Amino acid sequence: MSSSDETAPLLATRTRAAAAAPPSTNGDAVDADADAEAQGAPRAAANDNDNDNDNGTPPAPQRTSRTLIATVLVLLAFSLKGLLVVGLAVLVWLSHLWGRGGPPPQLADVASPAHVIQRLADLERLAAAAGRGSRATARGHPAAADYVVAALRNHTDFAVWKQPFSVLAQTDFAPPALAAVDVAEAASAGGGGAGLLRNYSADADVATAVGSGSGVVKAARTVHVLGCDPALDLAAFGKDRNAVALVGWDGAPARSSLSSSSSSSAGDLLHYGGGDGGRRGRRRRRARLSFPLLGGTPTCRSACDRAAAAVRAGARGVLLYQRPTPLTGYPHALPPFPYLFCASDLDAATLQTVPVVALSQEAGYDLLLRAVAPEGLRVDLAVNTTYGPVETCNVLAETKTGDPDRVLLMGSHLDSVEAGPGVNDDGSGAMATLELALAISRSGLANQTVQKVRFAWWGAEESGLEGSQFYAANLSAADLGRVKLTLDTDMIASPNYVRGVWDGRGLPDDDDDDDGGHNAALRGPATVIQEVIEGWFRKAGLPTVPFAFNGRSDFVSFMERGIPAGGVITGEDETKTHEQAELFGGVAGVVLDPCYHQSCDTVASLRGPGARVLGENLAALAHAMQRFALESDVEALLAGRVPI
C-alpha cells in the first residue's frame, strides 16, 4: 500500500467523488437537451422556409410559439444547473457534517483485507532479512516492532510508544550445524570420510533447544538413551568419552478445538513449566517459563531427566527426537520443536553445559535408524549460542480523543516462534490490528470515539505471554480499572479453519488460576462481547462456533485481573471434526492450521480459505471495535443494560 493510499482521508475521497460524479451526469443531460434543440432547429427552419415560400411571410403565431419554447428550454437549462449547484453544496455540507459528528462511516467497510495481506508479505520479508526466517524475540521481532511504529507514526496522529522489557531467550550466534556419517558405509568405501554423509539443515532439520549450552563435537558416537540406569542405559558413555545422547520425547495427542487446553502428565511436557500438552510453544499457567525452574529433584520420567542423566554420565551433547504419536492431524512430518520440560534446576543447569539440539521428525528417524544399527552412527555437532536476558518491547498506540477513564484495548502478539515467520501465528492478528488502527484514523472515526482506543502489539508471547503480562503487571489498580475490555486477535486466518468466537457465556463457575478467580464476574461482559461479534457474523450469514478460553493467548493477562475479553480465532493445533468440516468446509482429521509453528506458516499457506476468513474476521473485529468505542455508556453495554 502506497503512502497516498494510507494518508488520503476517506472523507476527502468521498467528497471528491460527490463533487465529480453529479456534474458528469447532469452535464450529460443538459448537453443532450442542447443537442436536441440543435437538431430540431434546422428541421423547424426548413418547414418555415417552405411556409414562407408558400405564403410569402411566416405566420405570426408560429414564430411566437418557437420563441416561447426556446425561452422555456433556456430557463429549464439554467434551473438544472442551479439544482446541480445546490445539490453539490448540500453534499459538501453533509460531508463536512460527517467529519464533525454526523453519521459515522462503518469501519467494517473501511478496513481492507488486501492491506492486511500486503503487510503480512512485508512481515515475511522482514523475518527473512532480519531473523533467519523468524520474528522470534532474539531474531526478527525488533524489525517487526520498528515496522509497526513507522506505519503508525506515518499514517496516524496517535500517541505511539514502545514499552521495553527483558526476557530470557535463546540467542544463536550462528545456526546450529549437524552432520551424520554412517560408519559402516564409510568403511566399505575405503574410509577417508567417504560413504554416506548428510548435512542437516538448520531450522528445517535441526534447531537449538531452549536452555542449550555451546560446544563443538567431532565424530561422536551416537548412543540411544532409553532410561537413567547407569549400568544399563548410560554405561556406553563411560566406555566412549566422545559420545552424544539421542533422546526421544513423547508428543501429545491432538485436541478438540471446542475444549480448553488439557494437561498431560509431567513426563514429557514440551515447554518449561507448562500445563498444556499440545505442540503449542506456550502454556496455560502464567509466568512459569523461566529457565531453569526452581524446585524439584532429578527423576527419570521425562526426556529432560534422561538427557541430563546422560550428560552427567559423560555425554558431550544431546540430540532430541520426537517419538511417534497416533493421529497427530498434521499432513506432513513436523519440524524441530526446541522446547524441553525440566522440573529440576539441577537438570536444567546440567544441560546448559553441552550443546542440545532438537530434530525434525524426518531427521530424527533418519538418525535413530542408523544409531541403533550394529555399526552405529557418528555425528559432527556445533552449537554457538547463549541463554539469557534479551531486551524486547511492546508497541502501543492510542487515539487522542476518547475518555481516558474508559479504555478499549485491542491487542495481538507481534513475535513468532523460531521455526518460521508466523504469518498466521500471529501475523494475521497483528496486521489486522494495525489495519484497524490505520482505518479508524483515515475514516475520521478516531476523532469521534467516546472511549479512548488503545492498540497493543505484545512482545514475547511465544515464551509465555511475557509482553502482556509485563504490561498488565505494571498498570496501577486505577489504570487497570480504566480498561473496560480487551479484544484479542490471535490466529485469525487458519487455512483449515473454524470460525471461532471466544466463548464468554461458556466460562465455567469453578474458577482456576488462569483468570485469578474472576470467572463469575467476567461471564456477563465477556458474553456481551461474544454476542456483538456473533451478531455481525449472523447478519452476514456466516456460521460460528464458541471457542473455549483456553489460557493460550494474551487475554489471560487481563482476565486474571478482572478485565473482560473477547475476539475471534480460527484455530491452532486442534484437529477438525467431521461436524466442523460440514459447517465450515475443509478437511476433517487435520489440524486447523497445518503449518502451526512451522516454517511453512507463510502468506502462501493461507491459500484461498485462510485469506477469505481473514477478511471476514477483520470486518467482525472492526464492527466490534466501533460498537464499543462509540457507545456512550460502555459500562451499561457490558452489563447488558443497553441493547446490543
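Which residue forms a salt bridge with Arg-505? I found Glu-534, with the closest N and O atoms 2.8 Å apart. I counted a salt bridge when a side-chain nitrogen of Lys or Arg is within 4 Å of a carboxyl oxygen of Asp or Glu.

A note on ground rules: this is a predicted model, where local features need pLDDT of at least 70 and side-chain atom pairs count only at pLDDT 80 or more, while totals for chains, interfaces and linings use all residues. Residues are numbered from 1 along each chain as its sequence is written, and side-chain values use heavy atoms, with hydrogens and water left out.

**Entry: the Arg-505 pair.** Arg-505 sits in the loop between β13 (500-502) and α15, and Glu-534 is in helix α15, so the pair ties together parts 29 residues apart in sequence. For helices (H or I, at least four residues) and strands (E, at least two) I used DSSP runs, numbered from the N terminus. Glu-534 is buried, with a relative accessible area of 10%, and Arg-505 is partly exposed at 39%. Buried is under 20% relative accessible area, exposed over 50%, and partly exposed in between (1.4 Å probe, protein chains only).

**Entry: around Asp-366.** I noted a salt bridge from Asp-366 to Arg-198, closest N and O atoms 3.6 Å apart. This pair links distant parts of the chain, with Asp-366 in helix α11 (residues 361-371) and Arg-198 in strand β2 (residues 197-200), 168 residues apart. Asp-366 also forms a salt bridge with Arg-370, again with 3.6 Å between the closest N and O atoms. Arg-370 and Asp-366 are separated by about one helical turn because they are four residues apart in helix α11. Asp-366 counts as buried at 18% relative accessibility, whereas Arg-370 is partly exposed at 23%. I then traced a network of salt bridges linking Arg-198, Asp-205, Glu-362, Asp-366 and Arg-370. My count by this rule came to 26 salt bridges.

**Entry: the cores.** Which residues have the most contacts inside the largest nonpolar core? They are Met-431, Trp-457, Met-625 and Phe-628, in a core of 62 residues. α18 gives the most to this core, with 11 residues. I also found a second, separate core of 32 residues, which includes Cys-304, Ala-307, Leu-320 and Tyr-339. A nonpolar core here is a set of buried Ala, Val, Leu, Ile, Met, Phe, Trp, Tyr and Cys residues joined through side-chain atoms within 4.5 Å.
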